[in-house]
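Thanks for making time this morning.

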Amino acid sequence: MKILVTGAKGQLGTEIRKCIERGYTELGVPTVLKDKLDADYVDIDSLDISDLNALRDAFKKSKYDAVINCAAFTNVNACETEREIAFKANALGPRNLAIVCEENGAKLIHVSTDYVFAGDASKPYTEWDVTNPQSAYGSSKLLGEEYVKQFCSKYFIVRTAWLYGYYGKNFVKTMMNIARERGACKVVCDQRGNPTNACDLAHHLLKLLDSEQYGIYHGTGNGKCSWYEFTQKIVELAGIDATVSPCTTEEFPTPTKRPAYSSLDNMMFKCTVGDEFREWQDALACFMKNYKGE
């Protein structure tokens, strides 16, 4: 199988590349990795997915069987002011990938987000719950989903949340740095969701390559917590002597409305190729054990 990974320099794209090069993930060996998987890795500096003609040229040079799209503009606050950039990365790019995949009979795995929901639920969102984004980021990502569904027949849309990994910037690394430098950190306690290890997500995306169970998936770590509880566990597992204090969203305002409750239910994975996502505490403990710093 020949695949293209976009957004390959981000934390998820980098993790997927490492898994393919090693031939296994932290969770095991997806079937697709039992034989050599031929993959090309691109980012915006080598292939701009908002350029439809450039994508068509790339497919002419290499007959791809599938694309894993990890490319996105994920700076949630910046999306509010840089809407054209957000639209091109999060909506137009997925649209173009969907068009070219359909023209070539290729599968498209597209990574989306919990921000497509309003974030006011009282129980985990399932794949069939009504979307209602409250931010430019969420709106641009939802439009990307709609374009994928409109233009591609062989698609997997995988919504994830609170993603962290060994490569690049993320919440876990940020909070470790703050705790070490200041000896204390204050974190919101009234926003709840699912911390997700990029290793777990990469494993499941690779599992989908072998599948024809197309549709919308939720792919997050199992179990939910607040950002405050997440930070408490980060500091504890990292062995940092620091105080973690709770605060409310009102006490810590940001330019973007954040989901108060955006926990996702991995129902589609459970019903198809299997939900092997670890409990978020276990996945975080594994990360802390293996993370060597940057």
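Which residues are buried in H1? Before I answer, a word on provenance: this is a predicted model, in which local features need pLDDT of at least 70 and side-chain atom pairs count only at pLDDT 80 or more, while totals for chains, interfaces and linings use all residues. Residues are numbered from 1 along each chain as its sequence is written, and side-chain values use heavy atoms, with hydrogens and water left out.

Now to the helix, where helices (H or I, at least four residues) and strands (E, at least two) are DSSP runs numbered from the N terminus. The buried residues of H1 are Gln 11, Leu 12, Gly 13, Thr 14, Glu 15, Ile 16, Cys 19 and Ile 20, where buried means under 20% relative accessible area, exposed over 50%, and partly exposed in between, with a 1.4 Å probe and protein chains only. These buried residues pack against strands S1, S2, S3, S4 and S6 and against H7, contact being heavy atoms within 4.5 Å. After H1 comes Gly 23, with a positive phi near 90 degrees.

As for the pairing with H7, the axes of H1 (residues 11-22) and H7 (residues 198-209) come within 9 Å and cross at roughly 65 degrees; axes here are lines fitted to C-alpha atoms, for helices over the stretch in contact, and angles run from 0 to 180 degrees between N-to-C directions. On the H1 side the contact is made by Gln 11, Leu 12, Glu 15, Ile 16, Cys 19 and Ile 20, and on the H7 side by Ala 198, Cys 199, Leu 201, Ala 202, Leu 205 and Leu 206.

Let me turn to Gln 191, which sits in the loop between strand S7 (184-188) and strand S8 (192-193). Gln 191 counts as buried because its relative accessibility is 7%. Its side chain makes polar contacts (pairs of N or O atoms within 3.5 Å; within protein, one able to donate a hydrogen and the other to accept it, and residues adjacent in sequence counting only if both atoms are side-chain atoms) with the side chain of Trp 227 at 3.3 Å and with that of Thr 249 at 3.0 Å.

Finally, Val 148 lies in helix H5 (residues 136-151), and it is buried because its relative accessible area is 0%. The C-alpha atoms of Val 148 and Ala 98 are separated by 5.2 Å, although the two are 50 residues apart along the chain.
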